[in-house]
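I opened this notebook to record what I looked up in the structure. The entries follow the order in which I made them.

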Amino acid sequence: MNFETVIGLEVHVELFTKSKVFCGCSTEFGGEPNTHCCPVCLGMPGVLPVTNKKAVEYAIKAGLALNCEIASYSKFDRKNYFYPDLPKAYQISQYDLPIAKNGYIEIEAGGKTRRIGITRVHLEEDAGKLIHEEGKSNSLVDLNRTGVPLIEIVSEPDIRSPEEAWLYLNKLKSILQYIEVSDCKMEEGSLRCDVNISIRPEGSDIFGTKVEIKNLGSFKAVRRSLEYEERRQREVIEDGGELVQETRRWDETKGITISMRSKEQAHDYRYFPDPDLMPMVLDRDWVCEIKANLPELPDARKERYVKEFGLPAYDAGVLTSSKALSNFYEECISHYHDPKAVSNWVMVEMMGLMNEKGLEVEQIKLKPQQLAEMLRIMDKGVISGKIAKEVFRDMFETGKDPEVIVKEKGLVQISDENELEKIAQKVIDQNPKSVQDYKNGKEKALGFLVGQMMKETRGKANPQMVNEILKKMLG
Amino acid sequence: MELYRLTIHEAHELLMKREISCEELTRALFDRIRIVDYAIRAYITLDEDGALQKSRVLDERGDFTHPLAGIPAAVKDNICTKGLKTTCASKILENFIPPYDATISARLKSRDAVIMGKTNMDEFAMGSSTENSAFFATRNPWDTGRVPGGSSGGSAAAVAADECIYAIGSDTGGSIRQPAGYCGVVGMKPTYGRVSRFGLVAYASSLDQIGPITKDVTDCAIVLNAIAGHDRMDSTSADMPVPDYTLSLKPDVSGMKIGIPREYLGEGIDGEVRHAVLNAAKTFENMGACCEEISLPHTEYALWAYYIIAPAEASSNLARYDGIRYGVRAKDYSDLIDLYKRTRSEGFGAEVKRRIMLGTYALSSGYYDAYYLKAQKVRTLVKKDFDRVFEKYDFILAPIAPTAAFRIGENTDDPLKMYMNDVCTIPVNMAGLPGISIPCGFSGGMPVGLQIIGRPFDETTILQAAYAFEQATEYHLKKPCIEAGGHAAFSRDNRCKHSSDFTEREIGVDLGAPQDECVKRRNVPNGKGVKA
């Protein structure tokens with residue numbers, strides 16, 4: 001039997017407001033444990049929450065960027081459960097009236113555009129972090145993160161493969177980075193993801209028994225866990241077994257999911273409206289203002305690159321996939337207006353090195369002006385294209401200006417005719433056989449001689465001039 | 001001069017004239033506490049050193065311009081006071097010293113109030129008698145065999161027994177007004193949102209409100225002036241201008257229309273209580289107001305809806321007392337869940353547990369619509385009842401409770417009977433309205449409170465009405481006599497022997513037997529003074 005996979009994602013993203021969502025504490029990542037705390041986020045007796053307007057604004061912004069309807073009336077609810085990282089023993093969240101709902105994201109999967117529905121975007125507070133020290137019977141709690149604003153983005157069960165889930169996550173991250181509401185760093189926990197997956201016979205419109213997977217530390221883990229779970233579920237059914245609705249934990253090292261709890265053990269969160277917070281009436285003018293000030297989003301930017309710069313859709317897609325990369329690219333072409341040339345350098349050389357070193361655009365030393373400058377020097381014939389690659393690697397690693405590198409390493413291209421003629425004579429003298437071959441009509445021999453000249457000059461000879469001079473001298 | 005007897009405005013005048021010092025006043029009150037508090041037990045924590053030190057600082061500075069400057073006050077033990085133990089009369093917070101001040105504590109301090117200590121209450125403000133304190137029961141100064149009411153029983157008893165000049169209480173279903181009524185003092189629950197709740201340990205957040213308990217209406221207006229107003233730390237506090245409430249102290253109700261709800265005077269209401277309220281209505285009519293019977297048809301449902309909403313909110317509000325970060329943690333536990341279970345089983349008293357269970361049940365999946373949501377709808381109907389009445393009437397007169405103070409232990413075995421005691425005060429919390437309790441008579445020798453209910457944010461009108469009534473009567477001048485033996489002596493059958501403690505005055509209305517036949521004996525604990 002052929003099965004269809006049905007996947008839905010719940011993504012939690014920390015908003016980078018200056019202060020927490022219901023108190024004035026800093027949201028800064030790191031810091032000594034329990035130093036970004038006050039009576040309010042510690043859940044001391046008698047304290048009350050006050051909503052951070054910026055957090056609401058960011059949630060609206062995210063909702064708009066994800067093509068959602070923004071509620072005109074929204075409220076906060078309490079989600080009640082006991083856990084030591086949750087000082088009030090309830091999380092202030094949103095239950096039935098989220099800030100945004102009914103949106104979508106478009107992804108490019110298998111050459112087709114797929115629209116993935118967004119059920120809702122709601123605002124809530126983050127919990128703290130438990131620290132379990134090995135070999136000790138008690139755990140420690142760090143409440144610095146408690147009360148950092150989070151948005152939860154729930155997708156419709158529209159995703160049909162682990163690949164699509166991965167594309168969806170990348171697109172979502174890209175959009176949220178574009179609108180500058182979060183840095184979406186999974187390793188710092190500012191983006192977290194839970195997935196729901198079920199399978200059903202192809203053609204069926206009834207959902208299968210769904211499984212929730214937790215403890216996913218990277219997009220790659222999401223993809224791998226879904227691939228594993230897809231396979232596991234199919235095997236259970238093919239072996240005549242029955243799936244149970246449950247929550248499973250992804251074990252990254254073993255590459256498997258392990259059952260955590262079944263539906264029967266699921267929490268009853270006893271949601272009810274938080275009486276400490278007034279319902280929010282989201283003013284239409286405010287929403288319109290936020291909408292008007294939304295920056296260009298990745299899809300629009302991609303389209304612009306194709307239209308304005310004449311880039312292939314693929315290139316445009318790669319360059320716009322991250323705002324930082326795209327900004328790097330744009331700054332570079334503002335200094336050196338050859339979009340295609342810059343695109344090639346960015347996509348091939350720069351991204352290649354980034355991959356090699358495991359760096360993000362934000363972390364590299366190379367500046368856009370430096371790439372532009374290097375291209376200009378190349379155009380002037382000071383360095384050859386081949387040398388440029390060497391210069392580029394050096395710039396990437398050291399952050400030095402191209403002129404400095406060229407000078408330091410003596411990489412200036414030899415374009416002096418007399419000098420090149422002297423070298424050419426030497427090469428001709430040393431390779432009589434090749435000279436003879438060329439004269440006998442073997443065009444290939446010229447290439448060998450050119451190569452010898454480049455070798456002689458350690459690549460610095462102006463390749464065009466070398467060609468011309470050799471041809472002339474070989475008559 | 002018995003300085004402890006002074007009202008705020010009297011003490012203020014003496015301080016301004018330098019006839020007394022703040023230290024003398026403060027010492028007089030602590031001396032008074034030493035004499036009477038073993039019988040009353042109003043305080044959980046006393047801060048004599050802190051209070052005296054503050055009084056000396058104030059004396060040195062000599063600026064008593066603010067009416068509360070240098071006036072010793074008692075604060076209910078569910079209001080956070082920085083550095084001063086705040087227990088909510090619960091074992092679970094027995095050792096809790098807040099690292100911060102409630103907004104109201106900060107406001108009182110900024111007005112140079114002298115905070116003497118923290119008063120006893122029903123644990124987490126859940127109760128109507130102060131018997132639910134985890135530490136001890138407070139006694140009614142008028143008869144130490146009786147309860148002072150609750151949950152702000154310590155605050156009301158402290159004011160009635162002159163153990164402070166005024167006190168701060170909190171009112172979720174009547175917890176200021178009912179004890180004020182039982183102890184024969186003035187107590188006001190302001191409109192929900194009028195006074196910041198920041199730092200008030202939450203019981204039922206949508207109903208809790210802080211208010212003053214004072215010796216007269218003038219003092220009530222003075223305290224309200226100091227504590228009312230918007231607070232950016234409390235999103236539910238109203239960002240509205242605060243009038244000068246002392247300007248409403250005019251003995252004038254002529255032309256005012258008063259509604260008297262029939263639902264508050266029917267079955268279950270003690271005859272003498274009813275009589276006192278109707279007498280009060282007559283007093284108002286004599287002053288030129290016009291009283292009419294009105295109906296608040298959803299009154300009977302308010303109580304039951306309250307006992308869904310308040311416990312539901314409480315079940316969530318009290319979840320934080322888990323023994324992890326502060327408060328008391330059980331000693332022996334095997335794992336995390338066991339730590340929670342033992343800490344909470346040992347830390348909370350029976351009534352608190354009962355309400356947590358009620359609330360947890362009401363919010364459970366599958367029951368939410370039937371209980372919590374339904375109760376919220378009832379709440380809307382209760383509010384609409386009042387809205388309709390206030391289109392025509394300036395304020396409402398009603399009893400504070402079906403009876404005067406009952407005997408200690410009388411209702412402890414029957415939670416439902418205890419809950420019924422709040423039937424007259426709960427609808428006001430459900431509708432978020434301001435209400436004041438002022439003394440209006442006696443039943444079996446125990447004070448009876450008159451409840452005046454006003455429009456939202458119209459504390460001015462009810463203060464004016466209360467002031468007018470106070471000017472026309474002398475109930476507020478009556479003082480209990482606290483005998484050395486530890487029980488209060490004044491009742492009509494047992495007159496106080498100490499003339500210095502009590503000077504009998506002619507009071508304006510007849511306190512004779514009730515006219516109505518339908519007195520329910522079950523609500524009249526000892527039948528004393530009621531000929532049914």
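**Entry 1: a loop residue in chain A**

I located A:Y271 in the loop between strand 14 (256-262) and strand 15 (272-273) of chain A; strands (E, at least two residues) and helices (H or I, at least four) are DSSP runs numbered from the N terminus. The model is predicted, so local features need pLDDT of at least 70 and side-chain atom pairs count only at pLDDT 80 or more, while totals for chains, interfaces and linings use all residues. Residues are numbered from 1 along each chain as its sequence is written, and chains are lettered from A and ligands numbered from 1 in the order in which they are written.

**Entry 2: strand 2 of chain B**

I noted that five of the five residues of strand 2 (residues 72-76) of chain B are buried. B:P72, B:A74 and B:K76 point one way, and B:A73 and B:V75 the other. In a regular strand, side chains alternate between the two faces of the sheet.

I then looked up the partners of this strand (pairing requires at least two DSSP bridges). Strand 2 of chain B runs parallel to strand 3 (residues 114-119) of chain B over five bridges, with B:G117 as the bridge partner of B:A74. Strand 4 (residues 166-171) of chain B also pairs with strand 2 of chain B in the parallel sense, over three bridges, and B:I168 stands opposite B:V75.

Key
Buried ≥ 20, exposed ≤ 12 C-beta atoms within 10 Å, placed from the backbone.
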